[in-house]
Amino acid sequence: RGLVPVSTRWGLVLGVSVVCGAAVVVVGLLDGAAAVPFGSVLSGLTALAGGATVLVRERQTRREPFRSLIGAAAVLWGLGQVIAGVQIPAGASYPTTGDLVSTLAGPVAIAGLGLSLRRIAEPQAALRFTCEGLVAGGLGAALLWRAAFAGVVDTGTGPGVLSVAILLVETAVVAVLSVAALREDDPGMVTVAVGVSLFIAAAVFTQYVALSPSGGWSWEARALTCLAWPLVCAGLLRMGGARSPQDEGYALERRRTLLFAGVVALLLVALLWSVVIDPTVDGVTLVLVGTSLVAAVVRDVVVALQSGALLDRVRSMAYVDVLTGLSNRRALVAELTSRDDASESWVLTLDLDNFKNVNGQLGHSCGDQLLAQMARQLEEVCREDQRVFRLGGDEFAVLATGDRPTVEHLAERLVLAVRVAALAVPGVGRVALGASVGIAPMMQGGATLSVLAESAVALRAAKEQGRNSWVVYADQVAADSERRRLVEARLRVAVQNRQVTLHAQPVVRLDTGTVSGVEMLARWTDPELGPVTPAEFIDVAEASSLIVALGEQLLELAISTAVQHRFHERDLACAVNVSPVQLRVPGFADDLLDRVQQHGLPASRLILEVTEQIFVSATDPAGAELQRLAAGGVVVAVDDFGAGSAALGYLRRMPGRILKLDRSLVATMLSDRRSAAIVSSMAQLGAAMGLDVVAEGIEDEATAAACRAVGIPYGQGWLYARDVPLDDLEDLVADLGACPLTVDTSTVVGSLASDAT
Ligand code: C2E
Ligand code: CA
Ligand code: CA
């Protein structure tokens, strides 16, 4: 930074130059001959001062070389004029040494202006400005020629031709610069353009006076140049930095094009008018107008190329996924529909397991980063004839050719690549991610797009198999998918007609065998399909959101049953399975608490069984609903505990009070030492955390004994009772020793109820 701020400095430069210009005018009016050398010296000094200021500032900031070039041109020109101003009174004739030095400034300045164009535009656009400058410049020069110069210049001579060429160059420079100034929308650039225009006007006028029969020098031109260079330098000092292409608004482009068209139209009208007045059209006019025409044609070609390139870019953007740079779903569809030869072609659809948790736990920007990384890894796995697409979200696709083993091998490697990529996100550490892949072959002559749907069906089958697996679409998959569709359709009807009902299975105290509560299990027998297992229809219901309506019906039924059988008075708890999908419905907790209250069931009699997957993501809204429910007194149980792969950290913050050990562990604890070890340590863990532990799926006395031996207080299973229809509930409960009249505070529900408050 210099001592004087830029704004002050360019104001100073301008002020001084206006005073100098005025001084030249005053002297000129008094004595024209004396004003010429006086004006030369003064305009030279102002150019020197301005140029030097620019040069110094550029040395300090080292911004862009074009400023230094134009500054140097100002210094050169000023130097020449000062010399000329000294030489003229001494009797030197045109051109003096000073004039020659000043002339050197021309190419330097033009080089600088050329560079300044480059900074605001890519080469194609710069060529376009230049052409536009030549169009307007050619017409302007022709007009000037016809109006003034044709009478005084002899085009038969070398100097005559030179003078025409100079005229064209000068008007073109003005025009190009004006176009650039308009384009850049920067007051600094506009100031430069005005300064250069003033200078060129003065130069043209000087030339005109020198060529005219009376000859000599004009002091008026010198008064003008006192202003010109300082304006140029002031503009340079004021100019902002180069613009980035994103800043170019379409509004600016439109304004510029309109102005350009307007100026050209005006010039054309003036030129036509001049032909009307004087119909003789000489060679120079033709050459100048011709130059303008050629430039117009070139400009048109450039514009066509530019808009063509733009169109291509826009078009290709529609087929590219911005985040990963991969081709998108639209590109895949286009590719599939354009394929004539479908032989040996396959579509692999890949979906990330668990990605929603990543997004929820680590944030979306990390998720995005992971997806981009994933895209690279997938591409690396693929050969040249295997193209990767991003279908959206965490879904990718690969279009591959080859025989079935090749494609299966590819699927294998894709799954592996996802696991590797998941581990390689900087700053995140270990992210456990997997992928499922669905594969479908393209059928010769078959509908091209059905392959997408088929690979999606195969993908769903792969997801059902568990993580990191792939499935090839085949008849079996097709049949499964057909069955799902059927089950969904029938279930919709069943939910409407309230045909899904509940069975109850008791939960008992393992030491006494007395009942402490019942678990309500959904049962459905469809008139067409026959009995459908809850495993099947609950899954379909969750995938289609039918679970929300169904779950509400079952909760209502369970609660009213509990009230009807006076669970409260008998210290029995009623356990209901709820799906995460239900829990994510906003307001679920409040609705349920209302419902419990309306029925007059104490909230502590109700147990909600949820699987641990809900607790894995801290941001899952289901977690918040459960917290509300727990705060309202409802008891939460972690169902199928030990069966999933969730890390145990969630146990610290979850609102559950019961752990239900999964049947797969309990049933194998006698035959498998590891199962036994897991069950016993889970029992200890539960006890240490103050949670009630329930062993699920006890089928024989030996298992019950083993559970008692490791200190598990509660159990459930066929040993005690199978699930029964609600009509038989009373008999069942009575058989298992729950008394309808006395209150047994030693039961599990008693402890749960007191804990819950
Ligand atoms: P779950 O919550 O683990 O339910 C326990 C399952 O174990 C029940 O199967 C039950 O009949 C069975 N079971 C109980 N004791 C024994 C035993 O000693 N041996 C064996 N082998 N099995 C035993 P079910 O009724 O087929 O239910 C399967 C799953 O469907 C349930 O697993 C639960 O996740 C889901 N489900 C059932 N009803 C509902 C419901 O109303 N809503 C929701 N969201 N899910 C439900
Ligand atoms: Ca359950
Ligand atoms: Ca269970």
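Which residue in E4 is the bridge partner of Arg387? In this predicted model, the answer is Leu399.

Two conventions apply throughout. Residues are numbered from 1 along each chain as its sequence is written, while chains are lettered from A and ligands numbered from 1 in the order in which they are written. The model is predicted, with local features needing pLDDT of at least 70, side-chain atom pairs counting only at pLDDT 80 or more, and totals for chains, interfaces and linings using all residues; side-chain values use heavy atoms, with hydrogens and water left out.

The sheet is open and holds 6 strands in the order E1-E3-E4-E2-E5-E6, with mixed pairing. E1 and strand E6 (470–472) stand at the edges with a single partner strand each, so one side of each is left without a neighbour in the sheet. Strands (E, at least two residues) and helices (H or I, at least four) are DSSP runs numbered from the N terminus, and two strands are said to pair if DSSP finds at least two bridges between them. Strands of a sheet pair through backbone hydrogen bonds, either parallel or antiparallel.

Ser327 has Phe389 as its bridge partner in E3, and Asn328 has Arg390. E3 in turn runs antiparallel to strand E4 (residues 395–401), to which 5 bridges join it. The hairpin of E3 and E4 has 2 residues between the strands, and Gly393 there takes a positive phi near 55 degrees.

E4 also pairs with E2, in the antiparallel sense and over 7 bridges; Trp346 has Ala400 in E4 as its bridge partner. E2 and strand E5 (residues 434–441) are likewise antiparallel, over 8 bridges, and Thr349 stands opposite Gly438 in E5. How many of the residues of E2 are buried? The count is 9 of 9, and the strand is mostly covered. Here buried means under 20% relative accessible area, exposed means over 50%, and partly exposed lies in between (1.4 Å probe, protein chains only).

E2 also takes part in a charged contact. Asp353 forms a salt bridge with Lys463, their closest N and O atoms being 3.1 Å apart. Asp353 lies in strand E2 (residues 345–353) and Lys463 in helix H15 (residues 450–465), so the pair ties together parts that are 110 residues apart in sequence. Asp353 counts as buried because its relative accessibility is 8%, whereas Lys463, at 35%, counts as partly exposed. A salt bridge is a side-chain nitrogen of Lys or Arg within 4 Å of a carboxyl oxygen of Asp or Glu, and by this rule the count comes to 30 salt bridges.

Glu464 and Arg484 meet through their side chains in a salt bridge of 2.8 Å, N to O. The pair links distant parts of the chain, with Glu464 in helix H15 and Arg484 in helix H16 (residues 475–496), 20 residues apart. Arg484 counts as buried, at 17% relative accessibility.

Since Asp590 lies in helix H20 (residues 588–599) and Arg628 in helix H22 (residues 621–631), the pair ties together parts that are 38 residues apart in sequence. Asp590 counts as partly exposed at 34% relative accessibility, as does Arg628 at 45%. Elsewhere, Glu519, Glu609, Lys660 and Glu696 are linked in a network of salt bridges.

Patches are made of residues with over 30% relative accessible area and no salt bridge, like charges being joined within 9 Å and nonpolar side chains (Val, Leu, Ile, Met, Phe, Trp, Tyr) within 5 Å. Leu127, Val294 and Val298 make a nonpolar surface patch of about 230 Å². Val298 is placed in helix H10 (residues 283–317) and counts as partly exposed, at 33% relative accessibility. A patch of negative charge gathers Asp727, Asp728, Asp731 and Asp735 on the surface. Asp735 is found in helix H26 (residues 729–735), and this residue counts as exposed because its relative accessibility is 67%.

Key:
Accessible areas come from the Shrake-Rupley method with a 1.4 Å probe; for residues, only the protein chains shown count as cover. Lys and Arg count as positive and Asp and Glu as negative; His and the chain ends are not counted. The place of a charge is taken as NZ of Lys, CZ of Arg, CG of Asp or CD of Glu.
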